[in-house]
Amino acid sequence: MRTVYLDHAATTPVHPDVVAAMAPYWSDSAGNASSMHEPGRIARHAVDDARDTIARALGATPSEVVFTSGGTEGINAAIKGAAIAAMARGRHVVTTAIEHHAVLHACGWLANLGFETTIVPVDRNGMVDPHDVRRAIRPDTVLVSVMFANNEVGTIQPIAEVAAFTRHAGVPLHVDAVQAAGTLPIDVHSMGIDLMTISAHKFQGPKGVGVLTIRNGTPWLPMQSGGAQESNRRAGTENVPGIVGLATALRLAVAHRDEANLHLSRLRDSAIERILSAVPHARLTGHPTQRLANNASFAFQGVEGESILLSLDMAGIAASSGSACTSGATEPSHVVAALGLPDDWVRGTLRLSFGAANDLGDVEAVATVLPSAVARLRALAPRRRDAGSATPPITGAVEGYPATVKPAHG
Ligand code: PLP
């Protein structure tokens, strides 16, 4: 049975042209980019070329591009590095309720150094009001971090408007653009973004490589000590094949962005329409229009997202849920909780995220399986829908599967 892969927000398959571009740097040209000799110089050229390509794609200068091991490292380096560099001035950071855990936990970690974090709420569509960000900025605020597009519900934030306020207040802005890069137009200079994180594996590049852009002049301290790589901003031997792969993937994604988004949004809109009309007590999560072209995310009343995932998995469909399973009890994700959905809806989440290789047949597959799966799960647990939050969560509702299965995340 062919797997219908609808989890591209978690990760994407690597584009064949990216595999081909990376190939020489595993063996024939496997020099260390810091070495003086010919193989080292070849690697250095590859890294420099990749830096130029990425800078052009993101509206930065090459000197503002720092290679990292991916989104999590870039976010930690951005937040901790900017906050610590400015801590003599103040110990307050601002972020939002729907950020990735890398952002929320990096801000939380700063409490060890006496920092406070203000978490700005979102509306029921997962949208941040830039004026709320403005109001949260205090005289001792040293960093604001707002994501470009949400990984669970796909809502795209008004980053340029947020940046106008952070600029006016003289506070650096970090943007987690992990879900946006390659999909949305990004120009860090014209948008007023000081620090920005991207990760190659979300746009058909390899896993374990990313970029942090740091606008020249932004107060920032490197968090990693060691060699002088990346102009003393990220110690450690460069991942040359990964860097070449990231640059190739980003170049391809930007070049084909419009046609890709058209294709993806057709699949997304078809999935949304078919699922909302076929499944009773279902609603779209995230913004109805300001959302990523590939994201169709839902909440279903009175079912567990995990159980839906397992039913889809048994039918050969790979998707994701925002919920996380702890000790057999499913907890709603902080993102879905932040949307303010009623208690008996927040655990029944499903995220379908489409990619280049998907087609309408894949939408057909999920739209065929899902309505009966949800109906069956509701029939297995009839109490839940009317009982509200006092009822213990349903677990292990799909026979033959363990009650605790780690959900796909991204
Ligand atoms: N930020 C967002 C919005 C994400 O979706 C992810 C993906 O998991 C990350 C950060 C972390 O990126 P990485 O998997 O490259 O560490």
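How many residues surround the ligand, and which are the closest? The count is 14, and the closest are Gly71, Thr72, Asp176, Gln179 and Ser199; a residue belongs here if one of its heavy atoms lies within 4 Å of the ligand. This is a predicted model, in which local features need pLDDT of at least 70 and side-chain atom pairs count only at pLDDT 80 or more, while totals for chains, interfaces and linings use all residues. Residues are numbered from 1 along each chain as its sequence is written, and side-chain values use heavy atoms, with hydrogens and water left out.

**The shell around the ligand**

- The shell divides into nine polar, three nonpolar and two charged residues, where Ala, Val, Leu, Ile, Met, Phe, Trp, Tyr, Cys and Pro count as nonpolar, Asp, Glu, Lys and Arg as charged, and the others, Gly among them, as polar.
- Helix α3 (residues 71-85) gives the most to this shell, with three residues; helices are DSSP runs of H or I with at least four residues, numbered from the N terminus.

**Polar contacts (N or O pairs within 3.5 Å)**

- Ser199 places a polar side-chain atom 2.6 Å from an oxygen atom of the ligand.
- For Gln179, the distance from a polar side-chain atom to a ligand oxygen is 2.8 Å.
- Lys202 has a polar side-chain atom 3.1 Å from an oxygen atom of the ligand.
- The protein buries 88% of the 390 Å² that the ligand exposes when taken alone (Shrake-Rupley method, 1.4 Å probe).

**How α3 packs**

- The axes of α3 and helix α4 (residues 101-109) come within 9 Å and cross at roughly 30°, with axes fitted to C-alpha atoms over the stretch in contact and angles running from 0 to 180 degrees between N-to-C directions.
- That angle makes α3 roughly parallel to α4, a label for angles under 35 degrees.

Terms used: A polar contact is a pair of N or O atoms within 3.5 Å; within protein, one must be able to donate a hydrogen and the other to accept it, and residues adjacent in sequence count only if both atoms are side-chain atoms. Helices (H or I, at least four residues) and strands (E, at least two) are DSSP runs, numbered from the N terminus. Angles under 35 degrees count as roughly parallel, over 145 as roughly antiparallel, 65 to 115 as roughly perpendicular and the rest as oblique.
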